[in-house]
Amino acid sequence: MKRVLRELHLNRKTMLYLLLGMACFMFLGFEQSNLFLEFSSEQEWTLVLLFIAMFLWIVNPIPSSASSILILSLMLVFHLVDDIENALSGFSTSALYFVLMLSIISQALVKVRIDRIIARFLFKVSKGGPKAIFIGLPLFMLVSPILLPSAVARFKILLPLLRRLNSFYGYSDKSLFMKFCVYIIGMMNQNATMVIYTGGGFPILASQLIRDFEIGNFGWIDWFLIIAPPLWIGSLIFLLFVWQFLKYTTPDEDKFVRNDTLGVQNQEYETITSKTWVVVVAFLCMIVTWIVVDQDFPILLPPMLLVVFYAIPKMGLVTNKVIRDFDWENFLMLGASFSLGILIQENGTASKLAKLLIGFVPDNIELLGMLLIIASIVFILRFFFIVPSSAIIVIFPIVMSYADILGIEPMKLAFLTVMVTGSVMVLPIHSTAVYYGFQTGVFTKKEHYLIGVATSLFFMVVSVLTAFLYW
């Protein structure tokens with residue numbers, strides 16, 4: 001008993017969060033509020049469930065896996081679904097298993113030390129001095145999602161290499177060079193993931209939603225041509241701002257080399273084995289397949305076959321241990337998010353919520369103004385979620401309801417939602433790669449938040465202008 005009381009005392013904050021969540025639940029459960037008069041009883045309970053889910057995802061009072069199971073359970077408790085099969089409908093979407101397949105493939109690439117190839121490239125470029133890295137690293141980061149889909153994998157591969165370069169050039173641990181590089185492999189890396197719909201969990205889920213809503217069945221090249229031009233141009237323009245900002249905020253002693261190091265020392269590398277090349281070639285074949293095959297071809301099939309290929313005895317890269325080590329907590333959270341997104345769409349909650357929020361849009365406003373207001377709504381809603389993957393599942397059906405209400409082309413709203421949702425990185429927890437960059441301690445909190453806010457707002461404007469002029 002004493003042990004239980006001690007644990008409760010040590011977890012007072014958790015208990016407080018739970019009490020606040022219960023209070024929120026009870027408040028939203030009452031039907032006296034005029035705000036929700038137009039909602040049916042089922043839709044009101046769906047909103048209650050949505051707010052509970054937001055609370056669990058933001059505060060994280062209990063493990064995310066348990067939160068996911070609770071959300072699924074409450075669908076049955078609130079009589080929002082008829083049976084458990086409907087509650088688990090989110091786990092039947094192919095996008096969820098696409099994330100699983102690509103995560104396993106990314107582990108296989110790291111397992112054969114694909115970082116050696118990247119290291120050779122970086123050290124070869126670095127012989128031209130730090131300026132060569134300043135130019136080469138951003139360009140490499142923009143195209144790297146094509147070769148390595150996982151933003152986290154790219155971060156973990158590049159960080160130790162950049163720290164070695166920082167040391168070889170004679171810079172301090174928090175030098176201008178290191179700050180600039182951490183921004184590239186953190187925030188810029190996160191944005192770069194969106195250029196292909198096979199580039200990690202978020203774009204995979206976004207592309208699946210676009211198909212589910214019958215907005216379009218975009219192929220690999222189609223998606224690339226839609227997202228890459230505005231994102232690349234915006235990233236390179238904003239990079240100049242980040243460079244000037246960091247030059248202004250970084251102490252003078254951290255801006256320049258503090259010794260006579262003129263280049264990177266010669267490095268010895270282990271020979272890249274034939275097995276590594278087989279793994280890389282097989283991975284490139286999967287990408288080529290996505291590019292050349294018909295749009296109706298199941299995009300999940302190539303990664304499934306590649307996982308099997310990596311598992312054959314002579315390769316031995318995918319084992320039972322690799323499967324067990326997968327982030328199943330995140331899998332449960334994404335599945336529960338999908339189920340919740342499907343629910344709020346099918347029972348009309350998304351449409352009603354959209355009509356409620358549309359009250360903020362003035363009458364007789366031009367298209368550009370409507371896009372800016374909708375982008376601002378997406379920006380605000382994004383703060384209710386920790387990661388973009390869970391955010392896009394819930395936000396997307398709400399925003400797409402505006403297409404009929406306001407008469408805006410669905411494609412414009414779809415990609416506006418994708419770009420804004422994927423670009424918000426004000427808080428470190430808004431994406432995993434950004435969080436890892438924050439954890440390095442290279443940036444001060446002030447620097448991180450200023451750059452994060454500026455990045456998020458800049459790309460929100462880029463998204464609005466692109467939707468107005470390009471999409």
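The structure is a predicted model, in which local features need pLDDT of at least 70, side-chain atom pairs count only at pLDDT 80 or more, and totals for chains, interfaces and linings use all residues. Residues are numbered from 1 along each chain as its sequence is written, and side-chain values use heavy atoms, with hydrogens and water left out.

## The chain as a whole

The chain contains 22 helices and 0 strands. Helices (H or I, at least four residues) and strands (E, at least two) are DSSP runs, numbered from the N terminus. Of the 471 residues in the chain, 53% are buried. Here buried means under 20% relative accessible area, exposed means over 50%, and partly exposed lies in between, with a 1.4 Å probe and protein chains only. The chain exposes about 21,900 Å², and carbon and sulfur atoms supply 64% of this area. Accessible areas come from the Shrake-Rupley method with a 1.4 Å probe; for residues, only the protein chains shown count as cover. Among contacts (heavy atoms within 4.5 Å) between residues at least 6 apart in sequence, 79% join residues at least 24 apart.

Rolling a probe the size of a water molecule over the atoms shows where empty space is left. A search of the whole structure finds 1 cavity of 30 Å³ or more. A cavity is a set of points, on a 1 Å grid over the protein atoms alone, where a 1.4 Å probe fits but cannot get out; lining residues have an atom within 4 Å of a point. The largest cavity has a volume of about 40 Å³, a volume being the space filled by probe spheres set on the grid points, which are joined across faces, edges and corners.

The lining of the largest cavity consists of V182, Y183, G186, M187, V434, G437, F438, F443 and H448. By class, this lining has 6 nonpolar, 3 polar and no charged residues. Ala, Val, Leu, Ile, Met, Phe, Trp, Tyr, Cys and Pro count as nonpolar, Asp, Glu, Lys and Arg as charged, and the others, Gly among them, as polar. Helices α10 (176-192) and α21 (432-439) each supply at least two residues of the lining, and α10 gives the most, with 4 residues.

Helix α10 is mostly covered, as 17 of its 17 residues are buried. The helix also bends by about 30° at I184, the bend being the angle between axes fitted to the seven residues ending there and the seven starting there.

## Individual residues

| Residue | Relative accessibility | Class |
|---|---|---|
| S235 | 4% | buried |
| L80 | 7% | buried |
| S103 | 23% | partly exposed |
| H79 | 68% | exposed |

S235 lies in helix α12 (residues 220-249). Leaving aside its neighbours within four places in sequence, S235 is in contact with L142, M188 and F459.

The loop between α4 (64-77) and α5 (84-87) holds L80, and H79 lies in the loop between α4 and α5 as well. Because its relative accessibility is 7%, L80 counts as buried. Not counting residues up to four places away in sequence, L80 touches E42, W45, T46, L49, M75 and L343. L80 and I344 are 264 residues apart in sequence, and their C-alpha atoms are 9.8 Å apart in space. H79 has a phi near 60°, a positive value in a residue other than glycine.

S103 belongs to helix α6 (residues 94-111). The C-alpha atoms of S103 and I323 are separated by 9.8 Å, although these residues are 220 residues apart along the chain.

How values were computed. 1 Å grid on protein atoms, 1.4 Å probe; cavity = no way out; pocket = protein on both sides within 12 Å on 5 of 7 lines; lining within 4 Å.
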